[in-house]
Each structure stands twice: as C-alpha cells, then as structure tokens.
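This report is for a reader who meets the structure for the first time. Please look over the sequence and the model before reading on.

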Amino acid sequence: MMTLPRALSPCPAAARPAPRAAADGALPPALARDREAASDRADRLGRRWRPAGLRRAGGRHLPRLYGLAHRITGSAAEAEDVAQEALLRAWQKAGQFDPERARFATWLHRIASNLAIDHCRRRGAAAPLPLAEHWPDPASGPEQALQERQRRAGLERALAELPPRQRAALALAHDQGLSGAEAAAVLATSERAVEGLLHRARRFLAARLRGEGA
C-alpha cells in the first residue's frame with residue numbers, strides 16, 4: 001500500500017473546521033468553492049497530479065472533509081479516521097479522477113461521505129451530533145443559557161435518529177453550503193432525491209422539536 005504523505009496524516013486538531021462565518025476568509029460559499037477549484041486546477045498538471053500539488057490539495061480540503069464526516073458520524077475520532085482514509089484513497093486513486101466529470105472537491109466529498117455512512121452502518125447505532133460546538137451562544141443570562149443548551153440537546157438527539165444519508169444531505173446543504181446539484185453529485189443521486197432527503201429530514205426534525213416544545 002502506498003504510504004500516505006506526511007502532510008496528510010494524521011488528521012490534525014488544527015484541521016478541524018472553524019465556524020462557517022470564519023471559513024475561507026468570509027467569502028461567500030460559491031466564491032470560496034470557485035477559488036478552491038482554481039487552486040486544485042493549478043496543483044494538477046493536465047490530467048495528472050504532481051505529488052506536491054496533491055499534498056497541497058489534500059491539506060486544503062482536509063477541514064471540510066473532517067467537518068462532513070463529523071456531522072455524519074457524530075464522532076470526532078471516527079471523523080478523523082474518515083478524513084484520513086478519504087485522503088489516502090484519493091492519493092492511491094488519483095489517476096482515476098476525471099476533471100471533466102467532476103470537481104476534485106466533489107470527488108473527495110463523495111469518498112468521505114461514503115466512508116462516513118459506512119462507519120454509521122457498521123456501528124449500527126446512532127450517535128449524538130456535536131452541533132453546539134459550532135454555534136455561538138446568544139444567551140444573556142443563566143436561564144437563557146439553560147434553555148439554549150436544552151434546545152441544542154433536543155436537536156442533537158433528533159439529528160442522531162436520522163438515517164445517515166439524510167444527515168449527509170443536511171451536512172452538504174447546510175454545513176458545506178453545496179447547491180442541490182453539487183450535493184447530488186457527491187451522493188451519486190439526483191437533485192430530486194436530495195430534495196427528498198432534505199424534506200424528510202426537516203419534517204422529522206420539526207416534528208421532534210415540536211414534541212419537545214423546542
């Protein structure tokens with residue numbers, strides 16, 4: 001097996017995603033993705049990757065891969081494993097990537113989402129999703145802080161009950177800011193199917209939160 005480049009292993013704590021507002025220099029998601037895609041093209045030589053370029057691309061995408069895996073699995077340890085394995089597979093199969101069929105980011109996200117969903121299925125049990133660490137706390141006092149924690153805990157419990165593909169769709173659409181077409185490409189399905197996943201997930205979450213009075 002080819003050794004994973006040192007720059008891509010292991011998944012460092014520094015690679016864990018910052019709040020979305022601070023990511024990519026606060027660029028709008030579409031512009032940030034365009035800049036990312038341009039950097040990927042610059043690091044690739046025609047249809048072949050230069051080793052140094054592939055290492056740079058891997059490091060560039062690592063925080064988003066970790067964030068996607070973290071949201072799907074609900075586990076920091078599993079997210080690190082998934083992000084590292086996704087980059088290892090990309091390193092080993094770089095020659096199979098076709099830039100005329102998909103963006104490099106889409107290809108990487110597909111690898112990571114499939115691995116994360118597989119982790120969930122093998123585990124066979126839901127895990128609470130760590131939403132609270134990414135959300136600012138607007139509470140102004142102890143009572144409001146308690147209510148906010150309870151609301152977040154209820155949402156995390158509801159999210160943990162969703163099927164992995166619905167969690168993946170939510171992560172791609174909301175955390176990653178992907179369009180319907182981009183999310184469909186990652187999940188290897190149609191835009192209508194993604195809309196269905198999102199609709200079922202949102203309906204389930206709304207019902208759960210209404211039931212808990214959140």
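This is a predicted model: local features need pLDDT of at least 70, side-chain atom pairs count only at pLDDT 80 or more; totals for chains, interfaces and linings use all residues.

Residues are numbered from 1 along each chain as its sequence is written, and side-chain values use heavy atoms, with hydrogens and water left out.

**Overall make-up**

The protein has 8 helices and 2 strands; helices (H or I, at least four residues) and strands (E, at least two) are DSSP runs numbered from the N terminus. Read from the N terminus, the order of elements is α-β-β-α-α-α-α-α-α-α. Of the 214 residues, 45% count as buried, that is, under 20% relative accessible area with a 1.4 Å probe and protein chains only. The exposed surface comes to about 11,500 Å², and carbon and sulfur atoms supply 53% of it; these areas come from the Shrake-Rupley method with a 1.4 Å probe. A contact means heavy atoms within 4.5 Å. Among contacts between residues at least 6 apart in sequence, 71% join residues at least 24 apart.

**Helix packing**

Axes are lines fitted to C-alpha atoms over the stretch in contact, and angles run from 0 to 180 degrees between N-to-C directions.

| Helix pair | Angle | Axis distance |
|---|---|---|
| Helix 4 (residues 104-123) and helix 7 (residues 180-187) | about 55 degrees | 8 Å |
| Helix 7 and helix 8 (residues 191-211) | roughly 95 degrees | within 8 Å |
| Helix 2 (residues 51-73) and helix 6 | about 140 degrees | 8 Å |

Angles under 35 degrees count as roughly parallel, over 145 as roughly antiparallel, 65 to 115 as roughly perpendicular and the rest as oblique. Helix 7 and helix 8 are therefore roughly perpendicular to each other. Their contact brings Gly180, Ala181, Ala183, Ala184 and Leu187 of helix 7 to Glu191, Val194 and Leu197 of helix 8. By class, these residues divide into 6 nonpolar, 1 polar and 1 charged. Here Ala, Val, Leu, Ile, Met, Phe, Trp, Tyr, Cys and Pro count as nonpolar, Asp, Glu, Lys and Arg as charged, and the others, Gly among them, as polar.

Helix 7 also meets helix 4, where Ala185, Val186 and Leu187 in helix 7 touch Thr106, His109, Arg110 and Ser113 in helix 4. This contact has 3 nonpolar, 3 polar and 1 charged residues.

In the remaining pair of the table, Leu68, Arg71 and Ile72 of helix 2 meet Pro164, Arg167, Ala168, Ala171, Leu172 and Asp175 of helix 6. That contact has 6 nonpolar, no polar and 3 charged residues.

**Two loop residues**

Leu162 sits in the loop between helix 5 (142-160) and helix 6 (164-175). Is Leu162 buried or exposed? With a relative accessible area of 4%, Leu162 is buried. Leaving aside residues up to four places away in sequence, Leu162 touches Arg167, Leu170, Ala201, Phe204 and Leu205. Leu162 and Leu205 are 43 residues apart in sequence, and their C-alpha atoms are 8.6 Å apart in space.

Ala188 lies in the loop between helix 7 and helix 8. At 57% relative accessibility, Ala188 counts as exposed, a term for values over 50%. Ala188 is not a glycine, yet has a positive phi of about 55 degrees. Most residues other than glycine have a negative phi.
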